[in-house]
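Open the structure in your viewer and keep the selection panel at hand. The stops below say what to select next and what is there.

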Amino acid sequence: MLMHLLIVSMCGAIGCALRLVARDVLMRNGAQPWWAVLVINLFGALLMGAVAGSARSIEEQAGPMLVAAVTGVLAGWTTYSAFSMDVVQLWLRGQRASAMTLWAATLCGAPLLALAGGAAMAAYTGATL
């Protein structure tokens with residue numbers, strides 16, 4: 001149990017670092033901070049769905065610790081708190097259309113992309129989602 005906790009924690013830290021680098025790269029290329037958070041969260045949802053869709057296959061081939069590690073990285077990669085704060089800040093600054101776009105795209109897009117990623121990997125591995 002302790003080893004599992006350590007692996008997930010270390011992988012979460014890696015995911016956080018990757019998120020920071022990705023956000024900075026996106027912002028250096030002209031993206032607003034909230035767009036960067038949206039892209040990061042939606043991409044993370046797609047990957048998490050893919051992990052869910054292939055988890056049984058991954059566990060059979062590489063073991064449950066790999067699933068835990070990938071889950072830790074993706075949990076660190078995505079950020080609900082940054083999403084929430086960006087929506088509030090945009091709203092309070094009067095950028096209501098941007099706030100609603102971010103809110104709707106994340107709350108609708110993330111679950112749909114997670115399902116799509118899961119379905120794609122389940123179909124690829126022959127697993128059931």
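How much accessible surface does the protein have, and what share of it belongs to carbon and sulfur atoms? The accessible surface comes to about 7600 Å², and 72% of that belongs to carbon and sulfur atoms. Accessible areas come from the Shrake-Rupley method with a 1.4 Å probe, and for residues only the protein chains shown count as cover.

This is a predicted model, in which local features need pLDDT of at least 70 and side-chain atom pairs count only at pLDDT 80 or more, while totals for chains, interfaces and linings use all residues. Residues are numbered from 1 along each chain as its sequence is written, and side-chain values use heavy atoms, with hydrogens and water left out.

**Whole protein**

The protein has five helices and zero strands, in the order α-α-α-α-α along the sequence. Helices (H or I, at least four residues) and strands (E, at least two) are DSSP runs, numbered from the N terminus. Along the principal axes, the C-alpha atoms fill a box of roughly 50 × 30 × 25 Å.

Of the 129 residues, 33% are buried (under 20% relative accessible area; exposed is over 50%, partly exposed in between; 1.4 Å probe, protein chains only). Take the contacts (heavy atoms within 4.5 Å) between residues at least 6 apart in sequence: 71% of them join residues at least 24 apart.

**The nonpolar patch**

Next, select Tyr-80, Met-85, Val-88, Trp-91, Leu-92, Met-100, Trp-103 and Leu-107, which make a nonpolar surface patch of about 840 Å². Such a patch joins nonpolar side chains (Val, Leu, Ile, Met, Phe, Trp, Tyr) within 5 Å, from residues with over 30% relative accessible area and no salt bridge. Helix H4 (80-92) and helix H5 (96-125) each give two or more residues to the patch. The largest share, five residues, comes from H4.

Zoom in on Tyr-80, which lies in helix H4. Is Tyr-80 buried or exposed? Tyr-80 counts as exposed because its relative accessibility is 56%.

**The salt bridge**

Now select Arg-23 and Asp-24 and show their side chains. These side chains meet in a salt bridge at 3.0 Å, N to O; the rule asks for a side-chain nitrogen of Lys or Arg within 4 Å of a carboxyl oxygen of Asp or Glu. The count by this rule is one salt bridge. Arg-23 is partly exposed, at 30% relative accessibility, and Asp-24 is partly exposed, at 27%.

Technical notes:
Patches are made of residues with over 30% relative accessible area and no salt bridge: like charges are joined within 9 Å, nonpolar side chains (Val, Leu, Ile, Met, Phe, Trp, Tyr) within 5 Å.
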